[in-house]
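Biologist: I would like to learn how to read a structure with a ligand. Please take me through it step by step.

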Amino acid sequence: MTNEVRKTGRLIRAPENFVDAGLANEITTKGLNEERRGFLRKSFLAASAAMASGTAMAQAAAGFEGDPNILNLPEHSKTLGQAVATNAYGVPSKYETNLLRRESPGLTRVSAASVSFAPLQGLFGIITPSGLHFERHHQGWHDIDPSKHRFMINGLVKNPKVYTMDDLMRLPSVSRMHFIECGANTAMEWGNVAVPSVQYSHGMLSCSEFTGVPLSVLLEDCGYDKKNGKFILAEGADGSSMTRTIDISRAMDDVIVAWGMNGEMLRPENGYPLRLVVPGVQGVSWVKWLRRIEVGDMPYATKDEAIHYVDAMPDGMLRQYTSIQECKSVITTPSAGQMLLDKGFYNITGLAWSGRGKIKRVDVSVDGGRNWRTARMENPVLPKCLTRFNIDWTWDGSPTVIQSRAIDDTGYVQPKINELRAVRGTRSIYHNNAIQSWKIAESGEVSNVQVY
Ligand code: MTE
């Protein structure tokens, strides 16, 4: 048998083992589950068998015939590449310019206040690239000079203090991965408005590694009043008067006064040079451009706690201080706005998170909630952090609905939208953690639907 194939007059020689190199590596990769391994092994055996026969060889050659990209050496294989200095601060490939934070016109822009959503459908793993981290600000963002920025702790403390950035960055720091989700994420689904993509339905969600000094270190440094100091008020330096109450036990637990995000300083839109990180709690409490913390003996009931971020309950009452982001998940691919090209194998992938701890399990249904299979959770699985899940699926080409359902380590199960509405009514804006349904049409088109 010859390994030579003819292409527009040029003779190329295929390496003896070119079929198995990549696949053999994948097959031996640890951590692939049995089903996935079976799928790959079958593909590998089929490919090897094909190459062993002369007819199959001719078919492979015909395939090559139609693909000049593999046969002709491209320019970049024959020329000198660019110098690193032309890209001193790395930016994505010019072929990836479609992956952007996006505003939803009409929905979110009120004067300078805006939100731009993270493109969850195009992201891998759990870390959101800093340039794609969602951003929500009530009065625009600023690029504040860190040499002039000051941070004060006052109120019920023995020694009120003003810190410079240099003072803070000398203190013992920690780096932790956490998700941040706006309390208004997935808000439109309350009203049964099927927004067109996961970017707009769930994109007020991101996850980063944050670096800073634990707030407990600073409160101890200022000698906070352990008897009467029951709450803190966090205040931002922007024009929105963003102020939030946090109870002292949480403040002393895992809250961070952070300057770092994903290995570098915070981006201006995300609070440069200093922001509060309040793991598990809705985004509004993660005060950006942080300039002051006051220790007090009662909740402050500020405007963003009295008229915003409150839950309108069915009996007409407003529920305040429901800060924790309950267990939630969403399939990011396939998701609304995407298109399945053909029936056959797909990797269903998504994100799960809980403001109360770790994700214990994620189930996926590919038949509108009748049957559920347990998905693979990818490491790391960390508390108050996004968890990536994957599950194999072979689409038979018929219309269906896919869903994910997360369970956290407190045993809490992500509810269906009608279960949530039974308790919360229909007038809410905030804190929707319902199961999300994506409908797949026979054409392969994926859209947003609600399944009760
Ligand atoms: N902090 C200040 N000072 N001003 C703001 O407008 N917006 C809050 C919070 N912190 C805000 C703020 C809201 S509503 C959210 S959801 C998060 O910041 C968003 O953080 P991000 O922009 O880094 O994603």
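Modeller: Start with residue classes. Ala, Val, Leu, Ile, Met, Phe, Trp, Tyr, Cys and Pro count as nonpolar; Asp, Glu, Lys and Arg count as charged; the others, Gly among them, count as polar. Here the shell around the ligand has 9 nonpolar, 7 polar and 6 charged residues. This is a predicted model, where local features need pLDDT of at least 70, side-chain atom pairs count only at pLDDT 80 or more, and totals for chains, interfaces and linings use all residues. Residues are numbered from 1 along each chain as its sequence is written, and side-chain values use heavy atoms, with hydrogens and water left out.

Biologist: Which residues come nearest to the ligand?

Modeller: A residue is near a molecule if one of its heavy atoms lies within 4 Å of it. Of the 22 residues around the ligand, the nearest are Phe134, His138, Asp238, Arg275 and Lys288. Strand β5 (residues 135-137) gives the largest share of the shell, 3 residues. Strands are DSSP runs of E, at least two residues; helices are runs of H or I, at least four; both are numbered from the N terminus.

Biologist: Which N or O atom of Trp286 lies 3.1 Å from a nitrogen atom of the ligand, backbone or side-chain?

Modeller: Look for polar contacts, pairs of N or O atoms within 3.5 Å. For Trp286 it is a backbone atom. The side chain of Asp238 has an N or O atom 2.7 Å from a ligand nitrogen. Asn270 places a polar side-chain atom 2.8 Å from a ligand oxygen. The protein covers 100% of the 530 Å² of accessible area that the ligand has on its own. Such areas come from the Shrake-Rupley method with a 1.4 Å probe.

Biologist: How many aromatic pairs are there?

Modeller: Rings of Phe, Tyr and Trp (its six-membered ring) pair if their centres lie within 6.5 Å; planes under 30 degrees apart are stacked, over 60 edge-to-face, the rest tilted. The count is 7. One of them, Phe117 with Tyr200, is edge-to-face, at 5.4 Å centre to centre and 85° between the planes. Phe117 lies in strand β4 and Tyr200 in helix α6, so the pair ties together parts 83 residues apart in sequence.

Biologist: Where is the cis bond of Pro334 found?

Modeller: Omega is about 0° for the cis peptide bond between Thr333 and Pro334. Pro334 is in the loop between β18 (328-333) and β19 (344-353).

Terms used
A polar contact is a pair of N or O atoms within 3.5 Å; within protein, one must be able to donate a hydrogen and the other to accept it, and residues adjacent in sequence count only if both atoms are side-chain atoms.
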